[in-house]
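Here is a short note for a colleague who is new to reading structures. Please keep the sequence and the model side by side while going through the numbered points.

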Amino acid sequence: MPTDAPEIIRAHRETGLFELKWPGESELFVRFFDVRCGCSCAVCVDEFTGELLLDPAKIPAEIAPAGLDLVGQYAIRIRWNDGHNTGLYTWERLQQLAHADR
Ligand SMILES: [Zn+2]
């Protein structure tokens with residue numbers, strides 16, 4: 001069963017955290033940096049081997065979202081301030097990243 005859309009997605013620039021809240025759950029916070037590192041697009045992860053192609057050391061510490069676009073009912077596309085904009089984050093992926101960050 002697909003993960004439902006969160007009721008809250010908020011980017012807190014002052015703390016560098018996304019706030020996410022799913023119905024019936026408490027808020028989760030996940031660092032912009034960890035979400036950027038968790039990008040699973042074909043540029044960041046080899047789609048055949050699953051090997052991480054992204055070097056987290058190359059991600060600027062001041063990484064932040066420049067914009068968020070809703071993709072259908074199942075994901076968002078995050079436009080990052082490092083120019084990377086090919087990553088889709090499904091609700092399930094965001095939930096995984098947020099739980100991993102606790
Ligand atoms: Zn990517």
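1. In this predicted model, an open sheet is built from three strands in the order 4-5-6, and their pairing is antiparallel. Strand 4 (65-71) and strand 6 (88-90) stand at the edges with a single partner strand each, so one side of each is left without a neighbour in the sheet. On average, neighbouring strands of this sheet are turned by 30° against each other, direction ignored. As background, strands of a sheet pair through backbone hydrogen bonds, either parallel or antiparallel.

2. Looking at one pairing in detail, strand 5 (residues 75-80) joins strand 6 in the antiparallel sense over three bridges. Here Ile76 stands opposite Tyr89, a residue of strand 6.

3. Which helix lies across strand 4, strand 5 and strand 6? The element in that position is helix 2 (residues 91-100), and helix 2 runs at about 80° to strand 6.

4. The charged side chains deserve a point of their own, and a search of the whole structure finds six salt bridges. In general, side chains of opposite charge can pair when their charged atoms come close. One of the salt bridges lies between Arg79 and Asp69, whose side chains meet at 3.0 Å, N to O. This pair links distant parts of the chain, with Arg79 in strand 5 and Asp69 in strand 4, ten residues apart. Arg79 counts as partly exposed because its relative accessibility is 35%, and Asp69, at 26% relative accessibility, also counts as partly exposed.

5. Another salt bridge is formed by the side chains of Lys21 and Glu7, at 2.8 Å from N to O. Here too the pair links distant parts of the chain, since Lys21 is in strand 2 (residues 17-21) while Glu7 is in the segment before strand 1 (8-12), 14 residues apart. Is Lys21 buried or exposed? Lys21 counts as buried because its relative accessibility is 16%, which is under the 20% cut-off. Glu7, with a relative accessible area of 48%, is partly exposed.

6. Asp55 and Lys58 also form a salt bridge, in which the closest N and O atoms are 3.8 Å apart. Asp55 is partly exposed, with a relative accessible area of 34%, whereas Lys58 counts as exposed at 68% relative accessibility.

7. Finally, an unreviewed UniProt entry lists residues 9-94 as "domain: Gamma-butyrobetaine hydroxylase-like N-terminal". Over these residues, 9-94, the chain is 12% helix and 34% strand, and the end C-alpha atoms are 10 Å apart.

Notes:
Residues numbered from 1 in each chain as written. Predicted model: local features only at pLDDT ≥ 70, side-chain atom pairs only at ≥ 80, totals over all residues. Heavy atoms only, no water. UniProt positions renumbered as here; feature names shortened; annotations may be inferred. Helix = DSSP H or I, 4+ residues; strand = E, 2+ residues; numbered from the N terminus. Pairing = 2+ DSSP bridges. Axes fitted to C-alpha atoms, helices over the stretch in contact; angles between N-to-C directions. Contact = heavy atoms within 4.5 Å. Salt bridge = Lys/Arg side-chain N within 4 Å of Asp/Glu carboxyl O. Buried < 20%, exposed > 50% of the residue type's maximum accessible area, 1.4 Å probe, protein only.
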